[in-house]
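Dear colleague,

I am handing over the structure below, together with some notes on what was found in it. Please read the notes with the model open beside them.

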Amino acid sequence: MKKVYLDSCFVIYLIEYVPSFSPIAREFLAKNINCHLCISPLVRLEVLVHPMRNHNHALEKDYVDFLARLEVLPITDEVFDRALQLRVFYRLKTPDALHLGAAIFHGCSEFWTNDDRLLNVGGGLAINIFS
């Protein structure tokens, strides 16, 4: 079974309806139901900002319920060290480096995203399922 890290954008496209991306994300997930889905606490932080800021409790609950079904990969000192290397060598922004660092450190075989900048980083781990 593939161990897959979900980028925050992918989670948003699954939970909220974004016309250009949600149908693609949902169809892709449906075709890959035998994957072990993972996130880090950073995904939780990023996806909950908007619903909490707007006091959208229903949307917040949708996110919390969905995220509870995924494996949460801790962001340890080793993950921070990997993220630091990614920032130095590939000039990634801190959140992108942390996401990718967590996926690499915890042995994920794929990283589903909508960010082409990550495709050449991490040995082909990142897959832009929207392109």
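Aspartate 65 has a relative accessible area of 38% and therefore counts as partly exposed, a class that lies between buried (under 20% relative accessible area) and exposed (over 50%), as judged with a 1.4 Å probe and the protein chains only. Its side chain meets that of lysine 61 in a salt bridge, with N to O at 2.6 Å; the term stands for a side-chain nitrogen of Lys or Arg within 4 Å of a carboxyl oxygen of Asp or Glu. Lysine 61 and aspartate 65 are 4 residues apart in helix 4 (residues 57-67), so about one helical turn separates them. Helices (H or I, at least four residues) and strands (E, at least two) are DSSP runs, numbered from the N terminus.

Before going further, please note that this is a predicted model, in which local features need pLDDT of at least 70 and side-chain atom pairs count only at pLDDT 80 or more, while totals for chains, interfaces and linings use all residues. Residues are numbered from 1 along each chain as its sequence is written, and side-chain values use heavy atoms, with hydrogens and water left out.

The count of salt bridges comes to 5. One of them joins glutamate 110 to lysine 2, with the closest N and O atoms 3.2 Å apart. This pair links distant parts of the chain, since glutamate 110 belongs to strand 4 (residues 110-113) and lysine 2 to the segment before strand 1 (3-6), 108 residues apart. Glutamate 110 is buried, at a relative accessible area of 14%, whereas lysine 2 is partly exposed at 31%.

Another salt bridge is formed by the side chains of arginine 117 and aspartate 96, at 3.5 Å from N to O. Arginine 117 sits in the loop between strand 4 and strand 5 (126-128) and aspartate 96 in helix 6 (residues 94-105), so the pair ties together parts that are 21 residues apart in sequence. Through shared partners, salt bridges join Asp96, Asp115 and Arg117 into one network. Aspartate 96 itself is buried, with a relative accessible area of 13%.

Helix 6 also holds histidine 99, which is buried at 1% relative accessibility. Apart from its neighbours within four places in sequence, histidine 99 is in contact (heavy atoms within 4.5 Å) with several residues, among them Tyr5, Asp7, Ser40, Glu46 and Phe111.

In helix 2 (residues 22-31), the residues Ser22, Ala25 and Leu29 are buried. Seen down the helix axis, the buried residues of helix 2 fall within an arc of 65 degrees, so they line one face; the arc is that of the directions from the axis to the C-beta atoms. These buried residues pack against helix 1 (8-15), strand 2 (36-39) and strand 4, while the face turned away from the buried side carries the exposed residues Ala30 and Lys31.

As for the whole protein, there are 6 helices and 5 strands, which run β-α-α-β-α-α-β-α-α-β-β from the N terminus on. The C-alpha atoms fill a box of roughly 40 × 30 × 25 Å, taken along the principal axes. Of the 131 residues, 44% count as buried. Among contacts with a separation of 6 or more, residues 24 or more positions apart account for 62%.
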